[in-house]
Amino acid sequence: MKKIASIPIFFFPCTVFADLPVQISGPDSNVTVQVNLKEGRPYYSVSYKGDTFLEDSALGLKTSIGDFSRDLIYLGETRNSVEKNYELDRAKVSQVTYKANQLVTSFENEEGYTLNITFNVSNNDIGLSYKLESQGEQARVIVYEEATSFNLPIDATSFITPQANAMTGWMRTKPSYEEGYTFDEKLGTPSHYGLGYTFPALFKNADKGWVLISETGVDSHYVGSKLSESSKDGIFKVAFPEKEENAGIGDNFAAMQMPATTPWRTITVGSDLEPIVETTVSFDLVDPLYEPSIDYKMGRASWSWIVWQDQSINYDDQIKYIDLAAALNFEYILIDNWWDQKIGRERMEKLIQYAAKKNVSVILWYNSNGWWNDAPQTPQDIMNNAIARKKEMTWLQKVGVKGLKIDFFGGDKQTTMKLYEDILSDANDYGLGITFHGCTLPRGWERMYPNFVTSEAVLASEMLVFNQDQLDRHAYSATILPYTRNTTAAMDFAPVFLNHRLSRTQETGTIRSTTDTFELATSVLYQSPIQHFGLTPNNLAEQPKHVIDFLKQVPSVWDETQFIGGYPGKYTSIARRNGKDWYVATVNGEDVAKKLTLKLPMLANKRVIHLSDDEGKKTVRQVLKVPASGELSLNLPAKGGSMIYSH
């Protein structure tokens with residue numbers, strides 16, 4: 001992989017002293033943001049192609065140096081043009097050109113401090129950030145609350161996931177962004193837990209289009225935020241973490257040095273789901289925080305725990321999964337919890353050496369824990385402490401481990417965000433890539449931290465093994481996640497199960513109703529730069545050669561992503577390009593067969609391999625030539641899939 005390269009932002013400032021309201025539009029003039037002051041309170045609104053997507057929505061902060069949400073005086077504005085070219089080496093695209101128009105409005109509060117409110121507006125994306133200016137000897141500030149709100153039209157509907165109660169769930173490890181989604185729900189409906197909703201949040205603006213709301217640029221200087229409960233008239237506010245998160249450790253507000261800049265709130269709008277799926281706004285507004293110490297490699301991993309569970313964490317079974325990874329040309333094996341007790345460090349070194357001879361690198365699991373939850377899995381009491389962490393990472397580097405999966409964080413407070421950052425920063429010093437589980441949403445982290453790999457933060461595949469209802473809903477969920485959780489960041493769902501029953505013997509366990517081709521398609525549909533597969537060694541003998549051949553060469557990083565078609569809960573079709581090769585993944589989320597026509601101009605007049613389902617839900621292969629029109633017709637069985645690729 002190439003190192004992350006960047007061309008700095010260019011600003012072309014123009015200071016204006018105009019009366020409110022003021023407006024700014026994106027380069028193509030379709031998105032317009034208006035900023036106004038009403039009785040001393042700042043507001044903004046958003047329109048797209050002349051239609052209202054956000055009505056008057058509050059702005060401002062409530063801080064230790066005064067209230068910046070009311071009794072403000074408008075000071076003026078500055079306008080800039082922003083141009084930025086950069087590269088990504090572990091995302092849904094590799095080359096990005098970001099162009100936006102920027103509006104900075106300045107206000108003064110009663111204490112005489114200045115608040116700058118910045119809007120970056122591109123063709124479909126909006127970034128919103130605050131900056132508090134220093135005055136005199138004031139060196140620090142506490143942000144207790146944001147007034148920021150999102151006032152959606154009342155006929156909008158939601159596709160959002162609720163915030164869980166703190167200190168609940170498995171061994172009191174929640175919240176960990178592992179809840180289900182609403183479906184076309186009316187605004188004003190109470191959330192499942194009464195604590196609002198986690199980012200990203202998708203809304204349908206009646207027949208006018210779609211709105212995606214999230215945040216980016218969150219690091220050790222701020223808290224991770226969420227959406228509040230919705231008012232009856234469709235207003236959501238930015239809300240800070242609950243006091244009870246992480247067993248009450250740390251404050252649930254943000255403390256910063258002056259001048260103080262907040263993370264970015266992001267809004268993506270469009271007439272259809274294309275800009276939602278293809279947005280790069282999470283990365284557009286941030287920059288790398290440090291240089292990579294090595295050239296981090298992405299790829300695919302075998303993983304025994306997901307199907308064979310805790311009993312597989314032993315030397316002999318891990319040899320089987322190293323051999324599985326080698327047979328499939330996978331780059332990694334993930335060895336999960338309890339390895340320090342069930343395998344031991346001395347034998348782990350031998351496993352790492354065995355894997356290296358097979359050209360397979362090792363990722364090891366760790367508990368994040370200090371004492372903020374009751375999860376007993378080891379190794380623990382290491383990653384939460386700087387001295388223990390660096391000592392451990394010295395050993396990990398010495399024995400050749402290439403990455404870590406760290407679990408059970410359970411909160412969004414500033415102190416927790418600092419723990420994420422400290423782990424990432426230290427791990428980079430030792431050449432270790434980091435995956436987080438039981439964790440928060442990554443907020444621009446693929447670009448900010450060059451050794452950050454991926455995060456769970458989703459109701460992921462482990463629930464397919466634990467819960468039959470979740471497995472029955474897997475096809476439906478696969479048509480929700482590409483428009484929600486996976487739009488803004490890498491998502492370690494851990495896809496592709498080819499066992500009929502999700503157990504070692506296949507005589508017990510949850511029963512899969514999705515087809516084999518559906519499962520193969522999720523390897524492309526779900527974007528994660530290291531993809532942990534739910535495959536088992538028996539799949540090598542049970543599956544036909546064309547399935548194994550596909551698994552041997554399917555990429556995990558992409559140069560381009562295009563939305564082809566779909567609707568939440570119905571079906572999803574997404575095309576991704578790696579080099580010259582296109583992969584088009586399509587899945588049917590419903591229990592009825594579908595006939596679809598896909599428009600694939602990038603494949604016009606080209607020969608492609610098409611993997612589809614036969615009547616027995618097994619994968620068949622054929623070679624097709626895509627007509628000059630670029631259109632292909634698909635017949636998808638219930639909970640079935642299609643995989644088209646030009647390799």
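Predicted model: local features only at pLDDT ≥ 70, side-chain atom pairs only at ≥ 80, totals over all residues.

Q: How much space lies in the largest cavity?
A: A cavity is a set of points on a 1 Å grid over the protein atoms alone where a 1.4 Å probe fits but cannot get out, and its lining residues have an atom within 4 Å of a point. The structure holds 5 cavities of 30 Å³ or more. With volume taken as the space filled by probe spheres set on the points, which are joined across faces, edges and corners, the largest cavity holds about 60 Å³.

Q: Which residues are the closest to the centre of the largest pocket?
A: A pocket is an open set of grid points with protein on both sides within 12 Å along at least five of seven lines, and the largest one has about 650 Å³ of space. Of the 33 residues that line this largest pocket, the closest to its centre are Ser129, Thr261, Thr262, Trp264 and Leu285.

Q: Which residues touch the most other members of the largest nonpolar core?
A: A nonpolar core is a set of buried Ala, Val, Leu, Ile, Met, Phe, Trp, Tyr and Cys residues joined through side-chain atoms within 4.5 Å, where buried means under 20% relative accessible area, exposed over 50% and partly exposed in between, with a 1.4 Å probe and protein chains only. Of the 169 residues in the largest such core, those that touch the most other members are Leu404 and Phe436.

Q: With the side chain of which residue does the side chain of His532 make a polar contact?
A: His532 lies in strand β30 (residues 530-532) and is buried, with a relative accessible area of 2%. A polar contact is a pair of N or O atoms within 3.5 Å, of which, within protein, one must be able to donate a hydrogen and the other to accept it, and residues adjacent in sequence count only if both atoms are side-chain atoms. At 3.1 Å, the side-chain partner of His532 is Asp492.

Notes
Residues numbered from 1 in each chain as written. Heavy atoms only, no water. Helix = DSSP H or I, 4+ residues; strand = E, 2+ residues; numbered from the N terminus.
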